Amino acid sequence: MARVDLDGRAIAPMTICMIGAGGFIGSHLCEKLMAETPHKVLALDVYNDKIRHLLEPESLPWAGRIQFHRINIKHDSRLEGLIKMADLTINLAAICTPADYNTRPLDTIYSNFIDALPVVKYCSENNKRLIHFSTCEVYGKTIGSFLPKDSPLRQDPAYFVLKEDASPCIFGPIEKQRWSYACAKQLIERLIYAEGAENALEFTIVRPFNWIGPRMDFIPGIDGPSEGVPRVLACFSNALLRREQLKLVDGGQSQRTFIYIKDAIEAVLLMIENPERANGHIFNVGNPNNEVTVRQLAEMMTQIYSKVSGEAALDVPTVDVSSKEFYGEGYDDSDKRIPDMTIINRQLGWDPKTSLWDLLEATLTYQHKTYAEAIKKAMSRPVASS
Ligand SMILES: NC(=O)c1ccc[n+]([C@@H]2O[C@H](COP(=O)([O-])OP(=O)(O)OC[C@H]3O[C@@H](n4cnc5c(N)ncnc54)[C@H](O)[C@@H]3O)[C@@H](O)[C@H]2O)c1
Ligand SMILES: O=c1ccn([C@@H]2O[C@H](COP(=O)(O)OP(=O)(O)O[C@H]3OC[C@@H](O)[C@H](O)[C@H]3O)[C@@H](O)[C@H]2O)c(=O)[nH]1
């Protein structure tokens, strides 16, 4: 049966130029596009480890529909040609791990703003549609976080639910370099919006709210640098795999809503295949029902990991660390992130499905299967003497 869009029209096969296709989100999006659609993907990235299973062997059912181009978009003249060959460009490329925002602010700003500029320009000049990945961090802190601790208004959603077309973007002072990322993302959003307003660029901006699942980031010392600090899912997975305590930054009081990557990818596919409903919009993509504090996340992951691995949890599974000790000078945090879902629901009829418990169980089962043996081997190796 022909695939149809939300308005019942047949969907024509398209070519998608996906920049950052080798990352966490890109790998899941490529998988979905190959398994469930007839679309072609020009996959651009500096790495391809996370999509190698889609590229080899040649006998895969989608062979010929996905093509990898090893390209650093900072300096590669092939970029414009690839954008021209495609009907749609999706830009996922970015430095997006908080440990980098305050320690490598220049790289962060260049990656999230300067390096994205040519992508926007080539799309605009060649009349190509663009789906750009921004972040929920553009909201920064909630208005409620500035109210007195005991103010009853803190319980009022008007002071914390984040709305694409109404909430302000509230960042800390410049010396809190954490906000270098959010600020760069905000400026590229404004530029894309302006290209839409002045030059009729067809765009969609996605603001992901903590998408998590298999293949997110890396496990330090196994498939990433030993001293590297990935996002919280991989930090906590690493500690559980090594039977170490999970570190709670500044007491783990910050709140997040986590969404399963597979639910979020459904939303992106709807945007890809329903341009008339998605163009000109900024979409929150998250799961407002999955809110926890970071401390609660640690407790839940400890319990679930014990279930999937069959190993008893540590007697004291967490330890508090200061943000200065963990991330260094210039760190700051978003206090709470609840996405308003009105716009995506109205335009695309999309809602997330998976509970936090279920998505953590699926993800930790994957982490255990993928890494437990490698960690055991690495930990039993004698430490090299200096
Ligand atoms: N995962 C989330 O919850 C989340 C939340 C908010 C925003 N985002 C945004 O979504 C996008 C994708 O995030 P992700 O979680 O998949 O991150 P990721 O780090 O796994 O993926 C980014 C990919 O971009 C590639 N890349 C970076 N710079 C490049 C360059 N100069 N040239 C070519 N490739 C380059 C990287 O190699 C990487 O494979 C990012 O823009 C990020 O800011 C993600
Ligand atoms: O080991 C850890 C790691 C992290 N944390 C805390 O856990 C929370 C979540 O941290 P993450 O590393 O997942 O990143 P954040 O949610 O702060 O930001 C992310 O959100 C949106 C995206 O744009 C980016 O992927 C990233 O900036 C923070 O409060 C952090 O301080 C710990 O308590 N312990």
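Helices (H or I, at least four residues) and strands (E, at least two) are DSSP runs, numbered from the N terminus.

A note on the source: this is a predicted model, in which local features need pLDDT of at least 70 and side-chain atom pairs count only at pLDDT 80 or more, while totals for chains, interfaces and linings use all residues. Residues are numbered from 1 along each chain as its sequence is written, chains are lettered from A and ligands numbered from 1 in the order in which they are written, and side-chain values use heavy atoms, with hydrogens and water left out.

**Entry 1: ligand 2**

Which residues are closest to ligand 2? I found Tyr-101, Thr-135, Glu-137, Tyr-181 and Asp-333, out of 24 residues that surround the ligand (a residue is near a molecule or strand if one of its heavy atoms lies within 4 Å of it). By class, the shell has 14 nonpolar, 3 polar and 7 charged residues. For that sorting, Ala, Val, Leu, Ile, Met, Phe, Trp, Tyr, Cys and Pro count as nonpolar, Asp, Glu, Lys and Arg as charged, and the others, Gly among them, as polar.

Then I went through the polar contacts (pairs of N or O atoms within 3.5 Å; within protein, one must be able to donate a hydrogen and the other to accept it, and residues adjacent in sequence count only if both atoms are side-chain atoms). An oxygen atom of ligand 2 is 2.5 Å from an N or O atom in the side chain of Glu-137. In the side chain of Arg-337, an N or O atom is 2.9 Å from an oxygen atom of the ligand. A polar backbone atom of Val-232 is 3.1 Å from a ligand 2 oxygen. Taken alone, ligand 2 exposes 660 Å², and the protein buries 95% of that. These accessible areas come from the Shrake-Rupley method with a 1.4 Å probe; for residues, only the protein chains shown count as cover.

**Entry 2: ligand 1**

Next I turned to ligand 1, which has 25 residues around it, the closest being Phe-24, Asp-45, Asn-72, Tyr-181 and Trp-211. Its shell divides into 15 nonpolar, 7 polar and 3 charged residues. Helix 1 (24–36) and helix 7 (179–199) each give at least two residues to this shell.

Where does the backbone come in? A nitrogen atom of ligand 1 is 3.0 Å from a polar backbone atom of Ile-73, and an oxygen atom of ligand 1 is 2.8 Å from a polar backbone atom of Trp-211. With the side chain of Arg-231, I found an oxygen atom of ligand 1 at 2.8 Å from an N or O atom. On its own, ligand 1 exposes 820 Å², of which the protein buries 89%.

**Entry 3: helix 8**

Back to helix 8 (residues 232–241): 9 of its 10 residues are buried (under 20% relative accessible area; exposed is over 50%, and partly exposed lies in between, with a 1.4 Å probe and protein chains only). Among the buried ones are Leu-233, Phe-236 and Leu-240. What do the buried residues of helix 8 pack against? I listed strand 8 (211–212), strand 9 (246–249), helix 11, helix 12 (323–327) and helix 14 (356–380), with contact meaning heavy atoms within 4.5 Å. Just after the helix, Arg-243 takes a positive phi of about 55 degrees.

Leaving out residues up to four places away in sequence, Glu-189 touches Ser-134, Val-138, Ile-205, Arg-207 and Ile-282.

Val-308 is in helix 11 (residues 294–309) and is partly exposed, with a relative accessible area of 22%.

**Entry 4: cysteines**

How many disulfides does the structure hold? I found 0, a disulfide being a pair of cysteine sulfur atoms within 2.5 Å. Cys-30 is too far for a bond because its sulfur is 11 Å from the closest cysteine sulfur, in Cys-17. Cys-30 is also buried, at 0% relative accessible area. For Cys-169, the closest cysteine sulfur is in Cys-183, at 9.3 Å, again too far for a bond. Cys-169 is partly exposed, at 31% relative accessibility.
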